[in-house]
Structures are given as structure tokens and as C-alpha cells.
Amino acid sequence: QKDGHRVVRLSRTGPAGADGILWDPGAGRIDRDALARLSPDVIVNFAGEPIAHRWTAERRRRIRDSRVRGTTALAEAIAALDRKPAVLLSGSAIGYYGTHRGDDVLDETGAASEDFLGELARDWERAAEPAAAAGVRVILSRTGLVLGAAGGALRRMLLPFQAGVGGRLGDGRQWMSWIGLEDFVRAAPFAIGASDISGPVNFVAPEPVRNDEFTRVLARVLGRPALLPVPRLALQMLFGEMADNTILASQRVAPTILTGAGFKFRHPRLEEALRSELRR
């Protein structure tokens, strides 16, 4: 909106008509008439049920349906339009590459893993294929840990650190591939505007860190100690499989496409990103 664009919301509950498009990702429903009437130039889809919960069978279904069914409905509706958008920026995640990749540096050429998140990301990306087949330029944002003070993982981390009981997770050796919220928001329109960018793009900062470094830097930014590590077993008991696949996952991911296209990160280093997001 600041750049002069008209922004129309896709919403589960409305508003419909002139102000938005009714879209229920989990149910795979979208108002195709409203989509055709509004005729957008660009569509951005980051919808997905949060994964930071214990993965029951019902939770797994909701996580999958919100991404795969929602994107399928959207991509098929786009393909049916007489006037198609130029670009679809559709969500994915670095879980595509697998959860325990050691020190391997992972770029966009990596193969999908065969665990839950790898298969989920693979199918999420494939769900956008009808739009690509119809001639729309499709960008798949394989997003890492987005650092924003108002929500997400960082918000959950703040309370224990502010209380002086923060610390590394497990042995702290796992790689964390992160991106500051400001750079994430900047990277999206950059990719949309770069006509040579399509397919998977890693939305991560260029300097991933190990968890023990992440906790030390966060503690320093907050002016608090980081003395109490959380044992791997405790995390597994609390969160089950989700802990191994997210909290304890190790992925050293590089933003090869973004940097190769000339994107300049405003906050490429963790400490400056945290200080910017936390106003410290």
C-alpha cells in the first residue's frame, strides 16, 4: 500500500465482494467469481496451520490440508482465469530439505527429504503447478525461522530469557536458518519484481547460526543470562515428534537465488536483526 498498490485480502471469513476474496484453505474452497472480478496482478499465498504444537493425527491433517488443499484450490482457480496474474508467490519451508542435515550447506537444488515436513513441503510446492502450467510465473518461498517481536518463534523465546531462565535447546549444535521480519517483507516484493526469479527460493539470511550461538546472542541483546539449557529428552517429552522436526532440527540453508539476483539484506547478521526487531 505504501508503494501505491491496491491490496486485496484472501480471507476465510470475508470480506467478500469488492473488498476481498473468500478463501478457506483447509476446506479447499475459493470464490472464483470474486477472483475473476478483481483480476489481481500478483497473488501472495503464505497460508498454513501453525506447526508448533504436538502433532496429533488431527493436527497433521490440518497442517497438510491448510497448505496443500488451499494452494491447490488457489492454483486451479488462477489457471481458469481469462486474465491471469503475472506472478504467484506461494509458501513453502526449509523443512523441504530434511531435519538433520549436519554441516551441509543447502541451496535450492537440494532434494526433498522423506520425513513429514519434507513430504509436506514437496506436496505444497506441487500444489502450485496448475498456475505454472497456465503460464503464471510461480515463486516458491522456502522460508526459514522468521524473527519478529510480535509473534512466531521469537515471541515464544522472549519470556524465559526475560525471566532469566533461557538457554540452549538440546546440545545447541543444531543449525538455525533465520531471517528478520523486515528482510522477509522486503524479499517478497523483490522476488516478485525480478522477472528471472521463479521456482524455489530460500527466504533465509546469509549467516545461519548454531542454536547455542543464537541463545547467547539473544541473551546479550536482552541483557539477560542464558544459563539453563533445555535437555533434548524434555523437549521430546513435551512436544513429541514435533520437537525433533522443528526445535531440534538442523538445517544450514543459503539464500543462493536471492543473493545471486542482487538482493541486499538490511540485517544479514543475527545480532543486528534481533536488535532491530526488538528495538534494543
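# A guided tour of the predicted model

Start by selecting Ser39, which sits in the loop between α1 (32–38) and β4. Helices (H or I, at least four residues) and strands (E, at least two) are DSSP runs, numbered from the N terminus. Ser39 is not a glycine, yet its phi is positive, about 45°. Most residues other than glycine have a negative phi.

Two notes before moving on. This is a predicted model, in which local features need pLDDT of at least 70 and side-chain atom pairs count only at pLDDT 80 or more, while totals for chains, interfaces and linings use all residues. Residues are numbered from 1 along each chain as its sequence is written, and side-chain values use heavy atoms, with hydrogens and water left out.

**Stop 1: strand β5**

Select residues 87–93, strand β5. Buried or exposed? Six of its seven residues are buried, so the strand is largely enclosed by the rest of the structure. Buried means under 20% relative accessible area, exposed over 50%, and partly exposed in between (1.4 Å probe, protein chains only).

Two strands count as paired if DSSP finds at least two bridges between them. Val42 has Val87 of β5 as its bridge partner.

Look for Gly91, whose bridge partner in β7 is Ser141.

**Stop 2: helix α2**

Select residues 57–79, helix α2. Together with β4 and β5, α2 makes a right-handed β-α-β unit. Right-handed means that, with the strands pointing away from the viewer, the path from the first strand over the helix to the second runs clockwise.

How far apart are the end C-alpha atoms of α2? They are 32 Å apart, which agrees with the 33 Å that its 23 residues should span at 1.5 Å a residue. The expected span is 1.5 Å times one less than the number of residues.

Centre on Asp65 to find a kink of about 35° in α2. The bend at a residue is the angle between axes fitted to the seven residues ending there and the seven starting there.

**Stop 3**

β2 (residues 20–24) and β3 are antiparallel, over two bridges. Trp23 has Ile30 of β3 as its bridge partner.

**Stop 4: the cores**

The largest nonpolar core has 20 residues; Ile30, Leu35, Leu74, Ile78, Leu88, Ala131 and Val138 touch the most other members. α2 supplies the largest share, five residues. Such a core is a set of buried Ala, Val, Leu, Ile, Met, Phe, Trp, Tyr and Cys residues joined through side-chain atoms within 4.5 Å.

Select Leu74: it touches Trp23, Ile30, Ile43, Asn45 and Leu88, not counting residues up to four places away in sequence. Contact means heavy atoms within 4.5 Å. Apart from this core lies another, of 19 residues, among them Met157, Val209, Val217 and Leu278.

**Stop 5: two last residues**

Select Asp103 in strand β6 (residues 100–106). Asp103 touches Trp175, Arg210 and Arg252, not counting residues up to four places away in sequence. At 46% relative accessibility, Asp103 counts as partly exposed.

End at Arg279, in the segment after α11 (270–278). Arg279 is exposed, at 70% relative accessibility. Its phi is positive, about 55°, although Arg279 is not a glycine.
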